[in-house]
Amino acid sequence: MSIKVTDEMQVLVGTELRRGTSKSRIASLLDLPYDEAVEVINVVKDSVRPDIGDEIRFTFRERKMVGQIEKLLTNSAVVKIYWEYSDEEMREICESKTIVNFKDIDEYVKVPS
């Protein structure tokens, strides 16, 4: 059994995965049986997982931050913070690196060097 993943499905599932939505809820949103939805989720999950070296904009404690992924964990990443592009107030509570959940990644960016 193989399902064609449309662009619309890709966007919906990617958004819901970043939010931490359950597989059964995503199946309901896709209006697919659970087993078929899991296939779609697995395809999308592989395509939305970040890579080491990706530069990201993310939300941390409701503040906008920018950094580079240095290490991948199961559902999160170790990110080196770019302070020149991040909320300066966060320096008081953050080290030079932080853990970012994939669901908190707002977008992939390219920071000028």
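The model is predicted, so local features are given only where pLDDT is at least 70 and side-chain atom pairs count only at pLDDT 80 or more, while totals for chains, interfaces and linings use all residues. Residues are numbered from 1 along each chain as its sequence is written, and side-chain values use heavy atoms, with hydrogens and water left out.

**First stop: helix 3**

Select residues 34-48, which form helix 3; helices (H or I, at least four residues) and strands (E, at least two) are DSSP runs, numbered from the N terminus. The expected span of a helix is 1.5 Å times one less than its number of residues, so the 15 residues of helix 3 should span 21 Å, and the 20 Å between its end C-alpha atoms agrees with this.

Now colour Ala-37, Val-38, Val-40, Ile-41 and Val-44, the buried residues of helix 3, where buried means under 20% relative accessible area, exposed over 50%, and partly exposed in between (1.4 Å probe, protein chains only). Looking down the axis of helix 3, you will find that these buried residues fall within an arc of 165°, so they line one face of the helix; the arc is that of the directions from the helix axis to the C-beta atoms. An α-helix has 3.6 residues a turn, so residues three or four places apart point the same way.

Turn to the face of helix 3 that points away from its buried side, and select the exposed residues Asp-35 and Asp-46 there. Then show helix 1 (7-19) and helix 2 (23-30), which are included in what covers the buried residues of helix 3, contact meaning heavy atoms within 4.5 Å.

**Second stop: salt bridges**

The structure holds six salt bridges, each being a side-chain nitrogen of Lys or Arg within 4 Å of a carboxyl oxygen of Asp or Glu. Select Glu-107 and Arg-57, whose side chains meet in one of them at 2.8 Å, N to O. Glu-107 lies in strand 5 (residues 105-109) and Arg-57 in strand 1 (residues 55-60), so the pair ties together parts that are 50 residues apart in sequence. Glu-107 is partly exposed at 38% relative accessibility, and Arg-57 is partly exposed at 29%.

**Last stop: around Arg-63**

Select Arg-63, which is partly exposed with a relative accessible area of 30%. The side chains of Arg-63 and Glu-89 meet in a salt bridge of 3.0 Å, N to O, and this pair links strand 2 with the loop between strand 3 and strand 4, 26 residues apart.
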